[in-house]
Amino acid sequence: ERLYAYSRQGTLDWDAGLQQPLTGRATMTHYENLLLITTTGGDILTARDGGGLCGYTRIFGGDSDLLWHDIGDDDILRVLVGDQVIGLSWQRFNGGC
């Protein structure tokens, strides 16, 4: 599986290989120079605008389609997937960038 990013003109900017396929409905949110992608399948990943994956993890929730995330003033990324909630240090999660 690969993640592709295209320019507004439709040309390929970059692509990156994924460890495993993303599952479920996905949301994408842009934070400064990073793209946060979360899915109802429990995938949480970030990628740089210029290309390259920064952080990746997967959590497992129930059968619910609930999906929510927020970065608090304390720099903690909180993600709700199904019936599971996880908090990650935004800086440490993106340490690869």
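Q: Which strand gives the most to the lining of the largest pocket?
A: That is S1, which gives 3 residues to the lining; strands here are DSSP runs of E with at least two residues, helices are runs of H or I with at least four residues, and both are numbered from the N terminus. This is a predicted model, in which local features need pLDDT of at least 70 and side-chain atom pairs count only at pLDDT 80 or more, while totals for chains, interfaces and linings use all residues. Residues are numbered from 1 along each chain as its sequence is written, and side-chain values use heavy atoms, with hydrogens and water left out.

Q: What volume does the largest pocket have, and what counts as a pocket?
A: Its volume is about 210 Å³, taken as the space filled by probe spheres set on grid points that are joined across faces, edges and corners. On a 1 Å grid over the protein atoms alone, a pocket is an open set of points where a 1.4 Å probe fits, with protein on both sides within 12 Å along at least five of seven lines, and a lining residue has an atom within 4 Å of a point.

Q: Which elements give two or more residues to that lining?
A: They are strand S1 (2–6), strand S2 (12–17), strand S3 (26–31) and S4. Among the lining residues are Leu3, Tyr4, Trp14, Met28, Ile37 and Arg48.

Q: How many of the lining residues are nonpolar, polar and charged?
A: The lining has 9 nonpolar, no polar and 3 charged residues, where Ala, Val, Leu, Ile, Met, Phe, Trp, Tyr, Cys and Pro count as nonpolar, Asp, Glu, Lys and Arg as charged, and the others, including Gly, as polar.

Q: Changing topic, is aspartate 43 buried or exposed?
A: Aspartate 43 counts as buried because its relative accessibility is 0%; buried means under 20% relative accessible area, exposed means over 50%, and partly exposed is in between, with a 1.4 Å probe and protein chains only. Aspartate 43 sits in strand S5, which covers residues 43–48.

Q: What about the largest nonpolar core, how many residues does it have?
A: The largest core has 13 residues, and those with the most contacts inside it are Leu36, Ile44, Leu77, Val79, Val81 and Trp90. A nonpolar core is a set of buried Ala, Val, Leu, Ile, Met, Phe, Trp, Tyr and Cys residues joined through side-chain atoms within 4.5 Å. Strand S4 (34–39), strand S7 (67–71), strand S8 (76–81) and helix H1 (90–93) each supply at least two residues of this core, and S8 has the largest share, with 3 residues. A second, separate core has 8 residues, including Leu3, Ala5, Trp14 and Ala16.

Q: Where does histidine 69 lie, and which side chains does it pair with?
A: Histidine 69 lies in strand S7 and is buried, since its relative accessible area is 15%. Its side chain makes polar contacts with the side chain of threonine 29 at 3.2 Å and with the side chain of tyrosine 31 at 3.4 Å.

Q: Which residues have a positive phi without being a glycine?
A: Glutamate 32 has a positive phi of about 50°, and aspartate 75 has one of about 65°.

Note on methods
Polar contact = N/O pair within 3.5 Å; in protein donor to acceptor, adjacent residues only side chain to side chain.
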